[in-house]
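Thanks for coming. I will go through a few parts of one model, so please have the sequence and the structure open.

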Amino acid sequence: MYRILIVDDEDHIREVLKEYAEFEGHAADEARDGMQAVEMAKANDYDIIIMDVMMPKLDGFSACKEIRKIKNTPVLMLSARGEEYDKLFGFEIGVDDYVVKPFSPKEVMARINAIIKRNSAGAAAEKADTVKFEGLEINFTSRDVFVDGEKAGLTPKEYDLLFYLVRNKNIALTRNRLLEEVWGYDFFGDDRTIDTHIKMLRNNLGQYRKFIVTLRGMGYKFEV
C-alpha cells in the first residue's frame with residue numbers, strides 16, 4: 001500500500017485520482033493548493049506526491065522546490081500545458097515524471113507504480129559503499145556526492161543519472177538506454193532531456209566533469 005498526496009485545485013480531479021488510488025488499495029490525502037501541499041509534506045511521509053502545476057497561492061513547481069529542500073519524495077507533475085520547456089523545467093527541479101491533462105487515471109496509476117517500483121529497487125540495490133575518483137567521492141547509500149570535500153547539491157534525477165553512469169563506468173551508454181534505465185520505462189521526451197541533465201550534472205561536478213565523456217552521435221560514458 002502506498003501513501004499518496006494528491007494536490008490539485010480542481011475538486012473533480014482530486015476525487016477521481018483518490019477513487020482510483022483507494023480502489024488499488026492505497027491511502028490518499030488531498031491538498032487544494034501548493035501552500036497546503038508543502039505543509040502536509042512536512043508533517044507526513046508520502047510514498048509519492050501527485051502535483052498540479054497551475055494552482056493558487058503557490059504553484060506546483062514552487063511547491064516542489066520547497067518540498068525538495070526537506071524531503072526526496074517522488075513527484076508526479078500534472079499540467080494542462082504540454083510545452084517541452086515546462087517538462088524540462090520540471091525535470092530540472094527534480095520532478096520524477098510529467099503527465100499532461102487531460103489524462104487517463106489508469107495511466108497515472110501505472111506511472112505511480114513505475115516510479116515507486118523504480119525508487120524502491122534503486123534503494124534496495126544500493127550497497128553501503130563509497131567510491132572515489134580523485135576528488136570526486138560518491139556514497140551510494142546516503143546519496144551524497146562530494147567534490148573536493150564539498151557536498152554537491154544535485155537534484156534527485158541527477159543523482160540517479162550519476163549513479164547509473166558510475167555503476168556502468170567505462171561502458172558506452174546510448175541516450176535511449178539512459179532514458180530507459182534511469183527513467184524506468186518508455187519516455188515521452190527526446191534526447192535533449194538526457195543532454196540537459198548531463199549539462200546540469202557536469203556543472204555540479206566542477207573539474208570532475210571530465211569523467212563524463214560525450215560519445216558523439218551515441219550517448220555518454222563515465223570514463224576512469
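Before the helices, a word on how their angles are taken: each axis is a line fitted to C-alpha atoms over the stretch in contact, and the angle between N-to-C directions runs from 0 to 180 degrees. Please keep in mind that this is a predicted model.

Start with two helices, α6, residues 156-167, and α7, residues 175-183. At what angle do they pack? The angle is about 115 degrees, and the axes lie 10 Å apart. The crossing of α6 and α7 is right-handed. On the α6 side, the residues that take part are K157, D160, L161, Y164 and L165. They meet R177, L178, E181, V182 and W183 of α7. Sorted by class, this contact has six nonpolar residues, four charged ones and no polar ones.

Next, the sheet. Three strands make an open sheet, in the order β10-β12-β11, with antiparallel pairing. Which strands are at the edges? They are β10, at 173-174, and β11, at 212-215, and each of them pairs on one side only. Between β10 and β12, residues 219-222, there are two bridges, and these two strands run antiparallel. In that pair, L173 is opposite Y220 of β12. Helix α6 comes back here, as α6 packs on the sheet and touches β10, β11 and β12. The direction of α6 makes about 65 degrees with that of β12.

Now A172, which sits in the loop between α6 and β10. Is A172 buried or partly exposed? A172 counts as partly exposed because its relative accessibility is 36%, and that class lies between 20% and 50%. Setting aside neighbours within four places in sequence, A172 contacts L215, M218, Y220 and K221. A172 and I194 are 22 residues apart along the chain, and their C-alpha atoms are 15 Å apart.

Last, K101. Where is it in the chain? K101 is in the loop between β5, 97-100, and α5, 105-125. K101 has a relative accessible area of 15%, so it is buried; the cut-off for buried is under 20%. Which side chains make polar contacts with the side chain of K101? One is that of D8, at 3.1 Å. Another is that of D52, also with a polar contact of 3.1 Å. Beyond its neighbours within four places in sequence, K101 has contacts that include E10, I13, L78, S79 and A80.

That is the end of the tour; questions are welcome.

Key: Residues are numbered from 1 along each chain as its sequence is written. This is a predicted model: local features need pLDDT of at least 70, side-chain atom pairs count only at pLDDT 80 or more; totals for chains, interfaces and linings use all residues. Side-chain values use heavy atoms; hydrogens and water are left out. Helices (H or I, at least four residues) and strands (E, at least two) are DSSP runs, numbered from the N terminus. Buried means under 20% relative accessible area, exposed over 50%, partly exposed in between (1.4 Å probe, protein chains only). A polar contact is a pair of N or O atoms within 3.5 Å; within protein, one must be able to donate a hydrogen and the other to accept it, and residues adjacent in sequence count only if both atoms are side-chain atoms. Contact means heavy atoms within 4.5 Å. A crossing is left-handed if the near helix is turned anticlockwise from the far one by less than a right angle, and right-handed if clockwise. Ala, Val, Leu, Ile, Met, Phe, Trp, Tyr, Cys and Pro count as nonpolar, Asp, Glu, Lys and Arg as charged, and the others, Gly among them, as polar. Two strands pair if DSSP finds at least two bridges between them.
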